[in-house]
Amino acid sequence: MRVPDIDRRVLAVVAGLLWIAPGARADEPRLDPNVSPTFQAVDLNLDAEQENYNGSVRIELGVAQPARDFLFHAEEMTIDAATLTGPSGEIPITISDAGDRGTRRATPKNALAPGNYVLSIRFSKPYNTRAVGLYRALYEGRHYLFTQMESLDCRKAFPCWDEPQYKIPWQVTITVPMQQEAISNAPLEKESRGASTKTLVFKRMPPTSSYLIAMAVGPLESVPISGLSVPGRIYTVKGAKAMAKHGAAITPRILARLEQYFGTKYPYEKLDFIAVPEYWPGAMENPGLVTFSDKILLIDPAAASMTQKRSVAMVTTHELAHMWFGDWVTMSWWDDLWLNESFADWLAMKLTHEMFPEYRLDTHELGQVNTVMLSDARPSTSTVRRKVDSGADIMEDLGLAYEKGRTVLRMTEEFIGADAFQRGVRAYLDKHKWSNAVAGDLFQALSQAADKNLEPILASFLEQPGYPLIKIDVNQNGLLTLSQRRFVNAGAKAEEHVWAAPVRLNISDGKNVQQRVVLLDKPSTSVEVHGKVDWVMPDAGGVGYYRWVVPADMMMKLAAAPDKTMAARERARFIGNARALLNAGEITGDEYLALASSFSKHPDPEIVNAVIADLGSLKAPFVTDDLAEEFAAYVRRTLGPARERFGFEPRADDSEDVRLMRPNLILWLGDEGRDPEVRAYCKAQAKAYMADPTAVDATIAGAVLQVAAANGTREDLAAYQQELESSKVPAERSRYLSALGKFRDPKLQQAVLDYTLTDKVRPTEMYQVVLGMFDTEAGRDRIYSWMVANYDKLAPRMPGEFLSYLPYFVSGCSEQRLQAARKFFAVPAHNVDGTDANLAKVSDQITDCLNLREREGKAVAGYLKTAASAP
C-alpha cells in the first residue's frame, strides 16, 4: 500500500504537526493454526446495480491435532448454510459468533481427528458503502464494485481466514449481468453465458494472503500495457481510459528495472491496474490487479504537472516492488508490516530517482522524513516493528513504516554497500518465495551478504522508539568525541536508549575533506584525526536517521559556505536538522530564522523548497494574529531572492526542479506573504483556468486556485463548487478540493465545511478539503467545532476504524481546544478503539507547541518585527 503525498497530508490532517497514529485496538482472538486452510474457492453473484449480493466459499482445511472447534472470519454477513465434509462424509456443524470483527466459531458435533476436511459456506450480505471490503460506488450515474481488503476487510467480502500467515492458493468465480465486466487477480480461465448473465472463472492463484484478493465489476474499459514480460492492462470507469496512457507508457520500464534489481521475472501471470474514483489509500499492491486512486493514475500528459507525473512514477514503482516484497514473500503477521512498506518505499525512492532524475526525489523525500522525525521525537511515539494484537491497528504510526523504515534501510545500504545489500535481498526472496517471513529472516540475509552482523543496527532503529541526537566535540589535538542521547523536544522526557548508528563523517582541515564511518553503538566513542579539524559534517550523504549538533563555530562555517561544505542532499538535510535543533532547544528561534533566510538565497530550487517546508512548521507555535503582518513581511523578504531568480510565471527554459518548486513559491508569496502582485496574478490565472484548464500551466494550476481562494468571495466559492461538480478529470477535481479549503472568510469556511457533508464530496475526499483550513488557529477552532456538531453525520460516512483519527482535529497550539476535546471524547459514543491513544499523541503535540512558543516566542517576535521594519 502506498499513501501519496497529498493523501498523507489528508490522513494526517496536520502533516506539519504530527503523523496519524491510530492507537492499539481491542484485542481479537487470533485464529488457531491447528485448523488452517490449504485452498479456497470463492464463487460470487455480483451486480453493481443492486444493493446486495450472495455467494459461496469452499475451503479445504488441514487439521493437525484433534479439535473440538475452530475459528474463521465472516463479518457483516448472513451465513445461509454451512457444511463440513471429512473423510467419512458430512459432519454436522454449528456456526456462532466468537467475538469482535467478524470472528466466527465452527463447532462440529464431534471432535475432528487430524486429517483433511472441506468447509462449504453459502452467505448473503449488502455491499459495503464505506470503501472497504467489497464495496459499491457511484460514478457519473453508473454503479461499480471495487475492493480494498487490507488489513481486516476481506472478512467483510466473504468468509475466510483473514490473517496474512494463511497464504494459500485461491480461485475466484464471478457471475455478473451480461453488460457488466468483471476482473480479478488472476487471468480468465473460462467464460460461460446464460440468458442474461455470464460466469467468469479465473485461474487458480499461487499462494496469496487474503488481504491481497481483489476484484472489480461494472461498465469498465481499458487500455493495454505494451512491452511487459506478461500481459497487462489498465482498467478505468467508463469514459476515462484516455487518461491511462501515461501510466501504461511508463510501467514497462519500471517493471523491467525491478526485474533486473531482483534478478527474477515478475512472479505472476498478468499485471493489470485499475483506477478507482472512491478509494481511501493511494494504491494497493494486489498481485495481478493493482488498485490506484484515480487521481494518482489517471492524468492528461499534455496538461499534467511535474508533481503528478512524479507521483505516478513513484507510486507505480512502490506498488510493483511489493510484487516481490510483500506478495511473493509476505510478512507472517502485522508486526512486520515494515517488511512490506519500508522496503517498497526505499526501493521505489532509489529506482524512481535513478529512472526519473528530473523529479528530484532524492531531495524531495526529505520533507516527508522531517515530518515523521518531528513526531518520532515525542515521548508518545511507537516503533517501526511493534507488537500488534490485531490487524486493526496496522496503521498505528504508519509514517514510521514508510519514512523511518526506508531511511533506516538506506542508511544500512550505505553502510554495507549497494552490491552486498542487493545480494542479501535476493537471498531473502529466494529462500522465502511463496511463503511468509519475519524481520529476523531479512536481518540474517543482509548480515550474511555483508559478512557482518547488522541486527544491532536494524533492531536498534526498528525496535526502539525515537532516534539519537549525535553530538560532536573536538579537542585541540584533533580528537573527535561522538556521543549520543535520545533526541527529544525541549521540556519533554522519554526513556533513554542506545542505538547502533553508522555515523558518516565529513572532516575538513580547511583545504581537504576526508570521510570516516564510525559505528556509534555505545553512549560515546572517540575518533583520532591527524591534523587540524576545521569543521565536521556528521551526516555525509544525508542518509542518517538521526539528528546532530556540532560546536557553534563549525555550524556557522557549514552554513556560511554550503556549496563548499555540503552536497545538495546534505544541504537540504542541514535545514531540517536546524529546525529540529530549534525544537530541542539547541538553537534559538531568531538564530533559526536568520539561518533560513540565508539559505533561501541559494540558487538550488530544492533548497528553497526545503526552506519553505520548514517555515510551514513555524506557523502554529509563533505566528499569532498580532504577528501575521510581520510574518508576511518576513516571507516576502526571505523568498524575494527566489522570486527574482525564478519568477512566478512559468518560462519555456525552466528546469524541471524549478517547475517543481514554483507552486510552493507562489503559495507562500501569495497566501502567507500576502504579495499583492502575486495575488493579482493568481486571481487572473484562476479565472483563466476555470474558463479553460489548458490555458494555465499545469504545474501552477493548483497553487493559483488556492491563492485566489484566500481572498475569494461567495461568488468565487460557488464557481469553484460548480467546476468541482462538473469536472471529469481526477487531477482537476483534486485541485478544486484543495482550493475549497483555502477560503479565509469565516462564513465561507463554514459553508465549505457544510458542503463536504453533501453528496457532492465523496467521503474519501472530505479531509482533503478540511486540510486547507488547518494552517491557522481560527481555522482549527472552526474545524473542531464543525466535527463536534456533525459527529453523527461524519461517522456513517467513514470506515469505523477511521473514527479513531478524529482527535487529530484538535491539533495545533490550543490548550483550551484540547481540554474541550477530552470532554467530548470521554463520551462512550464518541470513543471508538484507539481514540484515547490518539488523543494522548495530540496532547504531546500541543504541549510541544506551547512549550516552544513560551521558550522562543519573544525572540521570534523580536526578529520578525525587526525584519519587517528593515529597509
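Here's a walk through some of the salt bridges in this structure. Keep in mind that you're looking at a predicted model.

The structure holds 51 salt bridges, so let's take just a few of them, using the definition that a side-chain nitrogen of Lys or Arg sits within 4 Å of a carboxyl oxygen of Asp or Glu.

Start with Glu-181 and Lys-198, which form a salt bridge whose closest N and O atoms are 3.4 Å apart. Glu-181 belongs to strand 12 (residues 181–184) and Lys-198 to strand 14 (residues 197–202), so this pair ties together parts that lie 17 residues apart in sequence. How exposed are the two partners? Glu-181 counts as partly exposed, at 36% relative accessibility, while Lys-198, at 3%, counts as buried.

Now jump ahead to Glu-777 and Arg-780, another salt-bridged pair, with 2.9 Å between the closest N and O atoms. Both residues are in helix 25 (residues 777–789), and because they're 3 residues apart there, about one helical turn separates them. Glu-777 is partly exposed, with a relative accessible area of 22%, and Arg-780 is buried, with 4%.

Next, look at Glu-765 and Arg-762, whose side chains meet in a salt bridge at 3.4 Å, N to O. Glu-765 has 6% relative accessibility, so it counts as buried. Arg-762 counts as buried too, at 15%, because the cut-off for buried is under 20%.

Note on methods
Residues numbered from 1 in each chain as written. Predicted model: local features only at pLDDT ≥ 70, side-chain atom pairs only at ≥ 80, totals over all residues. Heavy atoms only, no water. Helix = DSSP H or I, 4+ residues; strand = E, 2+ residues; numbered from the N terminus. Buried < 20%, exposed > 50% of the residue type's maximum accessible area, 1.4 Å probe, protein only.
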